[in-house]
Amino acid sequence: MSRFHGPHTIALGSAVAELETPSLVVDLDAMERNIARMASFAAQAGLRWRPHAKLHKCGALALQLIAAGASGCCVQKLAEAEAMQAAGVNDIYISNEVLDARKLQRVAQLAQSARLAIATDSTLGVRRLAQAMAKTSPNSHIDVFIEINVGQNRAGLHSDDDLVVLAREIASHPPLRFVGLHAYHGGAQHIEDASTRAQTMQHSYARVRNAQAKLAAAGFADLEVTGAGTGTFALEAASGIYTELQPGSFLFMDAHYAQVSPVPHQPVFEHALFIKTQVISCAPTHVVVDAGHKSHAIDSGLPVVWNDGRTPVYQFANGGDEHGIIRPCETAASAQLPAWGDNLWLVPGHCDPTVNLHDVLIGVRGGLHEGHVERLLPVDARGALW
């Protein structure tokens with residue numbers, strides 16, 4: 001029995017009006033315009049771009065991005081890498097540390113069938129990876145990036161004193177190739193004020209330059225620098241430091257990224273990911289829709305009720321797991337409430353964990369109102385957390 005439920009039974013060519021609710025829908029026209037804008041930006045900047053598949057978790061979309069010029073895909077979890085490889089993606093960067101010896105055996109196995117890179121910030125991780133490669137894939141190799149902490153204070157080396165030691169450790173193991181630095185500041189992506197965000201990134205660049213200087217003095221030159229996200233990629237591109245950009249959310253855009261002011265020369269992306277929902281109950285002051293937290297993530301805020309790009313008329317309020325509360329916005333207090341059976345479209349607050357709640361993305365061509373279903377995109381790496 002298929003694990004897919006509900007929306008996957010919609011036939012290709014069906015009208016958008018026929019979609020059951022709640023459904024996760026991709027506006028293919030908007031998504032493809034976003035892809036074209038990112039591809040053009042990267043080409044003009046002379047940089048590689050490697051979109052993060054942790055956003056969409058879909059092998060078909062990873063391949064579509066590669067066909068548009070992407071150098072491959074990033075993932076955060078080994079199981080995501082395995083799902084992408086199974087879908088035909090053969091250039092994958094695990095931009096996260098993997099330390100468990102059993103998982104590293106799987107990493108080594110994956111290196112036999114895909115061009116693979118991985119991030120590390122410890123000698124233990126390097127030695128375990130080298131052991132796994134020697135045991136499982138002695139004739140293969142894997143590229144290794146040293147992750148450095150550039151301001152988020154999460155993973156990554158916190159001191160330059162350990163850089164050269166770790167680089168030499170990587171270089172001492174023939175299956176491993178030290179190729180560069182992973183310098184990603186996740187916390188900067190959602191700084192809404194553009195000038196504050198740019199100032200924050202200056203500190204990150206100083207950290208990268210210091211690391212490059214230390215490594216060059218030890219004989220490690222011509223290193224790659226990979227990083228950047230949807231909120232900062234134009235800044236990294238302008239820094240002259242980075243060789244590869246990793247933004248992922250630009251593909252769909254979410255409600256919170258719409259609040260992040262763009263910097264000069266940055267392409268503007270459109271919302272392309274929506275939840276179709278239906279009014280199932282009405283009250284004098286509000287209506288209830290069937291899209292609760294089980295259909296969208298709220299870690300970056302509640303979804304926004306889409307009004308075709310115009311000023312919102314309705315606002316979404318927390319209704320629990322299965323319900324959402326819809327009321328008029330304060331600026332549209334006299335607006336008539338939707339009626340029983342009316343459909344609304346929501347822009348999720350955070351795309352990545354929202355996608356992870358669904359089995360399938362429904363690709364619609366021709367708009368959210370008059371369009372038709374053109375693609376059913378399985379979320380191949382849904383729940384791939386290990």
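**Group meeting: a walk through the helices and the sheet**

Okay, let's start just after helix 2, where G69 takes a positive phi of about 125°. Before I go on, this is a predicted model, so local features need pLDDT of at least 70 and side-chain atom pairs count only at pLDDT 80 or more, while totals for chains, interfaces and linings use all residues. Residues are numbered from 1 along each chain as its sequence is written, and side-chain values use heavy atoms, with hydrogens and water left out. When I say helix or strand, I mean DSSP runs numbered from the N terminus: H or I with at least four residues for helices, E with at least two for strands.

Back to helix 2, residues 59-67. Its buried residues are G59, L61, A62, Q64 and L65, where buried is under 20% relative accessible area, exposed is over 50%, and partly exposed is in between, with a 1.4 Å probe and protein chains only. What covers those residues? The cover includes helix 1 (28-45), strand 2 (48-49), helix 3 (78-86), strand 16 (360-365) and strand 17 (372-378), going by contact, meaning heavy atoms within 4.5 Å.

Strand 2 takes us to the sheet. We have an open sheet of eight strands, in the order 2-9-8-7-6-5-4-3, with parallel pairing. Strand 2 and strand 3 (73-75) sit at the edges with a single partner strand each, so one side of each has no neighbour in the sheet. Two strands pair here if DSSP finds at least two bridges between them. Further in, strand 6 (residues 142-147) and strand 7 (residues 176-182) pair in the parallel sense over six bridges, and I142 has L176 in strand 7 as its bridge partner.

Next, helix 4 (residues 101-110) and helix 5 (residues 123-136). They pack at an angle of about 55°, axes 8 Å apart; the axes are lines fitted to C-alpha atoms, for helices over the stretch in contact, and angles run from 0 to 180 degrees between N-to-C directions. On the helix 4 side, A101, L104, Q105, V107, A108 and Q109 meet G125, R128, L129, A132, M133, K135 and T136 in helix 5.

Last stop: H158, in the loop between strand 6 and helix 6 (163-171). Buried or exposed? H158 is exposed, with a relative accessible area of 52%. Leaving aside neighbours within four places in sequence, H158 is in contact with N149, N153 and R207. And the C-alpha atoms of H158 and D121, 37 residues apart along the chain, are separated by 9.3 Å.
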